[in-house]
Amino acid sequence: QVQLVESGGGLVQAGGSLRLSCAASGRTFSYNMGWFRQAPGKERESVAISWRDGNAYYADSVKARFTISRDNALNTVYLQMNSLKPEDAAVYYCAVARIFSVKMNDFYYWGQGTQVTVSS
């Protein structure tokens with residue numbers, strides 16, 4: 001079993017930056033690790049996925065603004081968020097999956113989430 005702990009959320013002004021971290025209890029090199037977010041009244045959506053083969057997926061809404069990276073030695077995945085917009089405000093969750101998927105249901109270990117608030 002893998003336990004995930006997110007950190008780095010907070011309040012930032014529009015145009016600002018935040019870096020989220022997700023530390024895993026187990027070795028991460030064999031997993032695909034992703035970030036999802038859920039805003040009030042909306043469904044949880046995928047934001048960025050770090051595939052174990054070194055590639056990455058980004059939702060169209062965050063391309064060129066967010067960067068996902070991972071450090072397998074530290075069992076940690078990061079999400080660098082730049083040029084934040086009010087619509088980026090949400091609870092951000094880290095999750096892992098063995099298969100190559102961007103679907104929430106294919107990710108079976110989840111962190112508790114970290115709140116990101118963006119003021120306009």
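Me: What makes strand β4 (residues 32-38) largely enclosed by the rest of the structure?

Reply: Of the 7 residues of β4, 6 are buried, so the rest of the structure largely encloses this strand. Buried means under 20% relative accessible area, exposed over 50%, and partly exposed in between (1.4 Å probe, protein chains only). Strands are DSSP runs of E with at least two residues, numbered from the N terminus. Please keep in mind that this is a predicted model, where local features need pLDDT of at least 70, side-chain atom pairs count only at pLDDT 80 or more, and totals for chains, interfaces and linings use all residues. Residues are numbered from 1 along each chain as its sequence is written, and side-chain values use heavy atoms, with hydrogens and water left out.

Me: Why is Phe36 called buried?

Reply: Phe36 has 0% relative accessibility, and the limit for buried is under 20%, so Phe36 counts as buried.

Me: How do you know that β4 pairs with β9?

Reply: Two strands pair if DSSP finds at least two bridges between them. Here 7 bridges join β4 to β9, and the two run antiparallel. One of the contacts is Arg37 with its bridge partner Tyr92 in β9. On β5 (residues 45-50), also antiparallel to β4, there are 5 bridges to β4, and Trp35 has Ala48 as its bridge partner.

Me: Why is the pair of Phe36 and Trp110 called tilted?

Reply: The structure holds 5 aromatic pairs. In this one, the ring centres of Phe36 and Trp110 lie 4.9 Å apart with 55° between the planes. Rings of Phe, Tyr and Trp (its six-membered ring) pair if their centres lie within 6.5 Å; planes under 30 degrees apart count as stacked, over 60 as edge-to-face and the rest as tilted, so 55° makes this pair tilted. Phe36 lies in β4 and Trp110 in β10 (residues 109-110), so the pair ties together parts that are 74 residues apart in sequence.

Me: And what makes the pair of Tyr108 and Tyr109 edge-to-face?

Reply: Their planes stand 70° apart, with 5.0 Å centre to centre, and an angle over 60 degrees counts as edge-to-face.

Me: How do you know that the charged end of Arg44 sits over the ring of Tyr93?

Reply: A charge sits over a ring if NZ of Lys or CZ of Arg is within 6 Å of the ring centre and within 35 degrees of the ring normal. Arg44 is 3.7 Å from the centre of the Tyr93 ring. Arg44 also lies over the face of Trp110, at 4.9 Å from the ring centre.

Technical notes:
Helix = DSSP H or I, 4+ residues; strand = E, 2+ residues; numbered from the N terminus.
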